[in-house]
Structures are given as C-alpha cells and as structure tokens.
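Here are my notes on the model, point by point. Please read them with the structure open.

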Amino acid sequence: MSSIWMGRVYYVFGFLFIVLILLVVVCAEVSLVLTYMHLCVEDWKWWWKSFFASGSVAIYIFLYSINYLIFDLKSLSGPVSATLYLGYSLFMVLAIMLATGTVGFLSSFWFVHYLFSNVKLD
C-alpha cells in the first residue's frame, strides 16, 4: 500500500510475481474444492458460487485498505481525501474481484468439463 499511495518505489518485483502466482493457484484450488463439494451434494448451480468463492479475496483487501486508512494514512487532510482514497480502493478491489473470480470460474468450468467429459453413459 505504501508503494501505491505514498509514492514509494517497490523494488522486489520477483517476489511480487511469485505472490501473484500463489494467489492464482490458491484461488483456483479453493474454487475447485468448493465446486466439487457442491457437485457431490447435487447442487448444479455452481457458476456464481465458484466466481464469488475465489473473488471474495477482495473483501479482505478492502478491509485492509480501511485499516491502512485509519492507522497509517495520517497525512490525509480531510473527509474528501479519505472519500477519494476509499473510492480508488473500491475500484481496485472490484478489479481484483473480477480477476480472481474469473480465475476461479474458469478453473471450475474446466474441471466440470473434464469431469463430465469422462463419464460413460452405457
């Protein structure tokens, strides 16, 4: 958050790339497990559940941005700056939710397609 909002330079892009790969893998795995659990109880409405299961990481990021606003951004001059910060954070969180939700949905979709393409109807 400091590198985004305080103008500090972030030098460890390799570490950031590894964390991004871990985020994608964890979102895909969580979505696959929850989709499998829904399919085991014959709940065929897994589409939006797989999207929101992995997209819910955005709630944590938005709560962290509120925490960052309260405890670390003491240099904001008033409610207008705080509202602007929360607005930009909300746009960032929506983009993250769409990205991680898409990863979860596509991984679940490929999993269900692979699962049902191997079923024999004899």
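1. A salt bridge here means a side-chain nitrogen of Lys or Arg within 4 Å of a carboxyl oxygen of Asp or Glu. By that rule the structure holds 1 salt bridge. Keep in mind that this is a predicted model.

2. Which residues form the salt bridge? Asp 43 pairs with Lys 49, and their closest N and O atoms are 2.5 Å apart. Side chains of opposite charge can pair when their charged atoms come close. Asp 43 has 19% relative accessibility, so it counts as buried, the cut-off being under 20%. Lys 49, at 37%, counts as partly exposed.

3. Look next at Glu 42. This residue sits in the loop between H2 and helix H3 (47-55). Most residues other than glycine have a negative phi. Is Glu 42 buried or exposed? Glu 42 is exposed, because its relative accessible area of 59% is over the 50% cut-off.

4. The UniProt record, an unreviewed entry, lists residues 12-39, 51-71 and 83-116 under "transmembrane region". These annotations may be inferred rather than shown by experiment. How do the listed spans look in the model? Residues 12-39 are 96% helix and 0% strand, with end C-alpha atoms 41 Å apart. Residues 83-116 are 100% helix and 0% strand. The end C-alpha atoms of that span lie 48 Å apart.

5. There is a nonpolar surface patch of about 480 Å². Its members are Phe 17, Leu 20, Ile 21, Leu 23, Val 24 and Val 25. Phe 17 belongs to helix H2, which covers residues 13-40.

6. The largest nonpolar core has 5 residues: Tyr 68, Leu 69, Leu 73, Ala 82 and Tyr 85. H4 and H5 are the elements that give two or more residues to this core.

7. Last, Gly 78. This glycine is found in the loop between helix H4 (57-71) and helix H5 (79-117). Gly 78 has a relative accessible area of 25%, so it is partly exposed, a class that runs between 20% and 50%. Leu 63 is 15 residues from Gly 78 along the chain, and their C-alpha atoms are separated by 20 Å.

Notes: Residues are numbered from 1 along each chain as its sequence is written. This is a predicted model: local features need pLDDT of at least 70, side-chain atom pairs count only at pLDDT 80 or more; totals for chains, interfaces and linings use all residues. Side-chain values use heavy atoms; hydrogens and water are left out. Helices (H or I, at least four residues) and strands (E, at least two) are DSSP runs, numbered from the N terminus. Buried means under 20% relative accessible area, exposed over 50%, partly exposed in between (1.4 Å probe, protein chains only). Patches are made of residues with over 30% relative accessible area and no salt bridge: like charges are joined within 9 Å, nonpolar side chains (Val, Leu, Ile, Met, Phe, Trp, Tyr) within 5 Å. Accessible areas come from the Shrake-Rupley method with a 1.4 Å probe; for residues, only the protein chains shown count as cover. A nonpolar core is a set of buried Ala, Val, Leu, Ile, Met, Phe, Trp, Tyr and Cys residues joined through side-chain atoms within 4.5 Å.
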